[in-house]
Amino acid sequence: MPLPKAWYEQGIAVNATSWKALARKMGVDETSFSDEAARFAEAATAGVDEQFMRGQSAYDRYYGDPTISPNPNLRALDPRRLYAVKIVLSDLGTCGGLRTDERSRVLDAEGNAIDGLYAIGNTAANLFGTRYPGAGGTIGPGLVGGYVAADDAAERARRIERG
Ligand SMILES: Cc1cc2nc3c(=O)[nH]c(=O)nc-3n(C[C@H](O)[C@H](O)[C@H](O)COP(=O)(O)OP(=O)(O)OC[C@H]3O[C@@H](n4cnc5c(N)ncnc54)[C@H](O)[C@@H]3O)c2cc1C
């Protein structure tokens, strides 16, 4: 599947047909990068990763690609078609945040709702406390919390209007 054109235009992705050209586009040292790539290719061909031990544990191999041998976690890359994608930090969830009530209103230190102050998503304490049960554990409660907060804020506005 080709990478979206916009990724190249916005500098998120670069491509090249040699390690040195890729390093240049990424803005890293060409020699160290191509030496490292050559070391990786050797390890992949031998199927042994002495640096990071990838493919040694059954857990690694389970998540590997069974069509690649001798090590399903290491595939030598074809230097004629190289791609690099920028990776940046982002929030997945915090397992922390402001505690809220069933109407998404923020609670003060005594556990009383602060009228007119809402928290949802990553700003609110997760429904699952300090655990992350799996995919959907943040977006689901975030969406529901947002709906509940908007509903409550609208009702509050109507109350204020009515006096
Ligand atoms: C790679 C990745 C994979 C994930 N996969 C899953 C998954 O499979 N299932 C799942 O449930 N969750 C997943 N999550 C987590 C989920 O995406 C987040 O928990 C969720 O998006 C948080 O929603 P939010 O509205 O709290 O914050 P955000 O989505 O981060 O929204 C905050 C918004 O505020 C804006 N903003 C920031 N500062 C300001 C400012 N000063 N003024 C105005 N706007 C501002 C930001 O630009 C952003 O649009 C994943 C997260 C990542 C990073």
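A polar contact is taken as a pair of N or O atoms within 3.5 Å; within protein, one must be able to donate a hydrogen and the other to accept it, and residues adjacent in sequence count only if both atoms are side-chain atoms. The model is predicted, so local features need pLDDT of at least 70 and side-chain atom pairs count only at pLDDT 80 or more, while totals for chains, interfaces and linings use all residues. Residues are numbered from 1 along each chain as its sequence is written, and side-chain values use heavy atoms, with hydrogens and water left out.

A backbone N or O atom of leucine 92 lies 2.7 Å from an oxygen atom of the ligand. An oxygen atom of the ligand is also 2.8 Å from a polar backbone atom of isoleucine 139. At glycine 136, a polar backbone atom is 2.9 Å from a nitrogen atom of the ligand. The residues around the ligand (a heavy atom within 4 Å of it) are Ser90, Asp91, Leu92, Gly121, Asn122, Ala135, Gly136, Gly137, Thr138 and Ile139.

A pocket is an open set of points where a 1.4 Å probe fits, with protein on both sides within 12 Å along at least five of seven lines; lining residues have an atom within 4 Å of a point. Grid points are joined across faces, edges and corners, and a volume is the space filled by probe spheres set on the points. The largest pocket holds about 400 Å³ of space. Its lining has 26 residues, and Thr100, Ala124, Ala125, Leu127 and Pro141 are the closest to its centre. By class, this lining of the largest pocket comprises 10 nonpolar, 12 polar and four charged residues. Here Ala, Val, Leu, Ile, Met, Phe, Trp, Tyr, Cys and Pro count as nonpolar, Asp, Glu, Lys and Arg as charged, and the others, Gly among them, as polar.

The second largest pocket holds about 280 Å³. Of its 15 lining residues, Glu36, Ala37, Arg39, Phe40 and Gln51 are the closest to the centre. Helix H3 (residues 30-46) gives the largest share of this lining of the second largest pocket, seven residues. Helices (H or I, at least four residues) and strands (E, at least two) are DSSP runs, numbered from the N terminus.

Three aromatic pairs are present. Rings of Phe, Tyr and Trp (its six-membered ring) pair if their centres lie within 6.5 Å; planes under 30 degrees apart count as stacked, over 60 as edge-to-face and the rest as tilted. Tryptophan 19 and phenylalanine 33 have ring centres 5.7 Å apart and planes at 70°, so this pair is edge-to-face. The pair links distant parts of the chain, with tryptophan 19 in helix H2 (residues 19-26) and phenylalanine 33 in helix H3, 14 residues apart. Phenylalanine 33 is partly exposed, at 21% relative accessible area. Buried means under 20% relative accessible area, exposed over 50%, and partly exposed in between (1.4 Å probe, protein chains only). Tyrosine 62 and tyrosine 63 also pair edge-to-face, at 5.0 Å centre to centre and 85° between the planes. Both tyrosine 62 and tyrosine 63 are exposed. Tyr59, Tyr62 and Tyr63 form one aromatic cluster.

Aspartate 49 sits in the loop between H3 and helix H4 (58-62). Its relative accessible area is 4%, so aspartate 49 is buried. The side chains of aspartate 49 and arginine 54 are joined by a polar contact of 2.7 Å. A polar atom of the aspartate 49 side chain also lies 3.1 Å from the backbone nitrogen of glutamine 51.

Most residues other than glycine have a negative phi, and most peptide bonds are trans. Methionine 53, not a glycine, has a positive phi of about 60°. Methionine 53 lies in the loop between H3 and H4 and is partly exposed, at 39%. Serine 104 likewise has a positive phi, of about 65°. Its place is the loop between S2 and strand S3 (105-107). Serine 104 is buried, at 6% relative accessible area. The peptide bond from serine 69 to proline 70 is cis, with omega near 5°. Proline 70 lies in the loop between H4 and strand S2 (82-85).

Definitions and conventions: On a 1 Å grid over the protein atoms alone, a cavity is a set of points where a 1.4 Å probe fits but cannot get out, and a pocket is an open set with protein on both sides within 12 Å along at least five of seven lines; lining residues have an atom within 4 Å of a point.
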